[in-house]
Amino acid sequence: MKKIFPLLLFFFSLACTYSGKHVVNEAPFTLAYPYIYSPPVVEKSPAPLFAYPGKKPAKTQNSALFFPFYYNPGKRNLSLEQTLGRVFYQTWAGERVFKESFFCPQNLTSKKEALNLAQTKKVDWVVIGQITYLLDGGSLTNTALSLHLEIYSAQDQSLIWSLDHAGRLDSSADIDWYLIKRRIVLPEDGLSYLLAQLALDLARPVKAWTQGEDFEKLILPRKVSSPSKPQSSPSTSTP
């Protein structure tokens, strides 16, 4: 055994120092940490709810019109509003929250305008979203987003749902477990990824409601208010 070990060491040194004619990388041999790559953790708010329906919709009422999300931090970015609104729409359409879903690429100037347009489209519900806070870190750093969502009846323009949600993606440092390291990989489009995760949370109670199921148990953290009569029509001010 004592004779075999030096022999193995000799062959190992030859393997490390040998450079064939096709080898172009002459970097010295190094031992690197193996990494475990994991997706980002989405930190979410408790998703407060300000209004929810007092009764289940009729089975024939199951079509909705979505609009770009209104966002006005001082100067509107119409392209960003359309992108975020479409991400939310596609998420809900994929979850089949409504039997029929349509996206109107027209940027909002007022809720009244959106509701009047929905009446001409002959849909049942109008989904209007507003971005209340936004920090876009892309794939490099932290991303945060807060949104306010309202669902109206297109027929009488009454408010049915009013929900808030927020979340963030943090760019955390590598975690060293001595033998291996864990590295968080942020998505290329962190803003759309975060919005889609928040949209999935809000989709659950609304989808249960459209399907006539018990949606109140899916409301987080708890139900806050239930309008006993139809809400008044929204004002003509911007969302």
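Lys-111 forms a salt bridge with Glu-150, their closest N and O atoms lying 2.9 Å apart, where a salt bridge is a side-chain nitrogen of Lys or Arg within 4 Å of a carboxyl oxygen of Asp or Glu. This pair links distant parts of the chain, with Lys-111 in helix 3 (residues 111–121) and Glu-150 in strand 7, 39 residues apart; helices (H or I, at least four residues) and strands (E, at least two) are DSSP runs numbered from the N terminus. The model is predicted, so local features need pLDDT of at least 70 and side-chain atom pairs count only at pLDDT 80 or more, while totals for chains, interfaces and linings use all residues. Residues are numbered from 1 along each chain as its sequence is written, and side-chain values use heavy atoms, leaving out hydrogens and water.

Glu-150 is buried at 9% relative accessibility, buried meaning under 20% relative accessible area, exposed over 50% and partly exposed in between (1.4 Å probe, protein chains only). Eleven of the eleven residues of strand 7 (residues 143–153) are buried, so the strand is largely enclosed by the rest of the structure. Strand 7 runs antiparallel to strand 6 (residues 125–135), joined to it by ten bridges, and also pairs in the antiparallel sense with strand 8 (residues 159–169) over ten bridges, pairing requiring at least two DSSP bridges between two strands.

Elsewhere, Asp-201 and Lys-44 meet through their side chains in a salt bridge (3.0 Å, N to O). Asp-201 lies in helix 4 (residues 190–210) and Lys-44 in strand 2 (residues 42–44), so this pair ties together parts 157 residues apart in sequence.
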